[in-house]
Amino acid sequence: MNTTIRRRIGVHTAVAAGGVIMLGPLVLMLAGTFLVGNPLNGDLTPHLTLDHVRDAWAALDWPRVYGTSVLVTGAIFLAQVVTSLPIAYALARWEFRGRTLTFKLVLVCLVIPVQVTAIPIYFLLSDLGLLDSYSALILPSIGSGFCIYLFRQFILAIPASMFDAARLDGVGPVAMLWRVVLPHVRPALVAAGVFSVVSHWNDLYWPSVVLTTDHVATVPYAVAGVSGPDSTVPLSVQLAVAALAALPLLVCFLLVQRHLVRGLVLTADGE
Amino acid sequence: MTALLEASVPRRLRTPRRYVPALLVTPAATFLMVFFIVPLSTVMALTLFDYQPLTRSIRFVGLRNWDRILTSPELQQATVNTVLYAVLTVPVIVGLSLLAALGIHALPRWGGLWRTVYFLPTIATMAAMSVVWRWLFYPGTGLVDSTIGRLTGATDWLHSTTLALPAIAVIGSWAGIGSSMVMFLAGLSSVPQHLHEAGRLDGAGPWHRFWHITWPALGPSTMFALIIATRDALRVFDQVHVMTDGGPLGSTETLADLQWRYGVSYLDIGSGSIVNTVLLGLVLVTVAAQYLAGGRRLERAGAR
């Protein structure tokens, strides 16, 4: 019993120590944002100020930047769900010619970074006159190997009896999607949503490729404009910009984080 | 799997429903074709052409682009840097996130709190966090210089040709641990509890129980975490672009950043495509090696 308690304290201490390192930069960001003083000299005084936040708010057209990021990430995720759920359902529950090949292609798409295909997609979008637009930010990210894989694993874990029972109730093969699959994959939707929204909200690469002006600038693109390596904006204001950029997503995550782990099924038998 | 499907789809109903899988697959397949498979083939073809995007003239030049680029020190350095970055970050991310997941999973309470804490860096926008990290690495007065620097003499990381890439790697690891940890936690929550109890009754110590029960059950999670971490390492762009812009003297130039410079900034499509192709080769070789070494655990995870 004693060893168990001692081990638990040890584990908790180690986890907490790591947690301090993980949180450190975020705490320092808030300190630099809200405290008076020059962070570069390390002389932050314990006096609160909102000046940096005010300057940071003035440095960018935040409502517009937030709006663009919300619209883009929301549209991407919605489209990912609408396209990924059917194919995942087919891969998990239907037998058809080319199923193995289709799944292999999905896995390939899962590992190919967007950088590899960037140039041809750039020209495709440019030919369609879509550069520097919402479509340019949204369309290339809709096909998602990650979502398909995640949903397929989760659908495999739904007991076959659920499908059988629905079939006896007269539910058609396609209606099965919203009658059986959709209600059961909700945790997976949260998990896929967190990963999808986080990666697309935070992505700096793709906007840097397809955007030429600021009119549909996403949050990271706008932030990079203010705080590149040669920026002349004072550090406290840059930190406040960083805080304004990072906080909305952090807060949203706190609301859904309970469901995150339940939605990932990465087990050997899909259960 | 086959037996199960046959049992669940009555024979007389199957034939008229042949169109159903096609219907279900088509939307996603269309997007994957247009934005992954076709561009993937195009990018390799583009390396053989001299394409002027402004005048829209295209000319077949054979392997001349390759000749020009493969011998360029820039591509060689970017390749080395990218591989080095992956070598520096992937083991750290996968190892530390496994430890974090095991620790958090073992906690009787507060697990959710620490899980959230460890995941926060993943969520925090990298382009924004780069500002904070540039402050931490600020020469002389930054936190890194005034602690590690004072102890070891290694200062001004971001302006040092040897320490800038490790600095980028530290940041990448910090941001990457969260998502791997969540994958491991998902795997851990599915390890059959009765096996652990049986092991304990048989007198197996914690190490034995980990090695014979937990680790095999974590196989698919490990593969998934490893592959995603590798993919993300090989395409590293954000913190390079914001913090060092490839410098000093190209010591943090990665393939993704070089490709952006060639393809987007200079509109040198042939060279950009070659950088892409090198990156593609690197990703495929690494992932294939991991996939084979991992005993194809990822796919078996789905195939039952």
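Trainee: How many helices and strands are there in chain B?
Mentor: Chain B has 16 helices and 2 strands, taken as DSSP runs (H or I, at least four residues, for helices; E, at least two, for strands) numbered from the N terminus. This is a predicted model, where local features need pLDDT of at least 70 and side-chain atom pairs count only at pLDDT 80 or more, while totals for chains, interfaces and linings use all residues. Residues are numbered from 1 along each chain as its sequence is written, and side-chain values use heavy atoms, with hydrogens and water left out.

Trainee: What does UniProt list for residues 79-293 of chain B?
Mentor: The unreviewed entry gives "domain: ABC transmembrane type-1" there; such annotations may be inferred rather than shown by experiment. Over residues 79-293 chain B is 78% helix and 0% strand, and the end C-alpha atoms are 23 Å apart.

Trainee: Switching to Met33(B). Which helix is that in?
Mentor: Helix α3, residues 19-46 of chain B.

Trainee: What is Met33(B) in contact with, leaving aside neighbours within four places in sequence?
Mentor: Val38(B) and Pro39(B), where contact means heavy atoms within 4.5 Å.

Trainee: And where is Thr147(B) relative to Met33(B)?
Mentor: The two are 51 Å apart, C-alpha to C-alpha, and 114 residues apart in sequence.

Trainee: Back to the whole chain. What share of chain B is buried?
Mentor: Of the 304 residues in chain B, 55% are buried.

Technical notes:
Chains lettered and ligands numbered in written order. Buried < 20%, exposed > 50% of the residue type's maximum accessible area, 1.4 Å probe, protein only.
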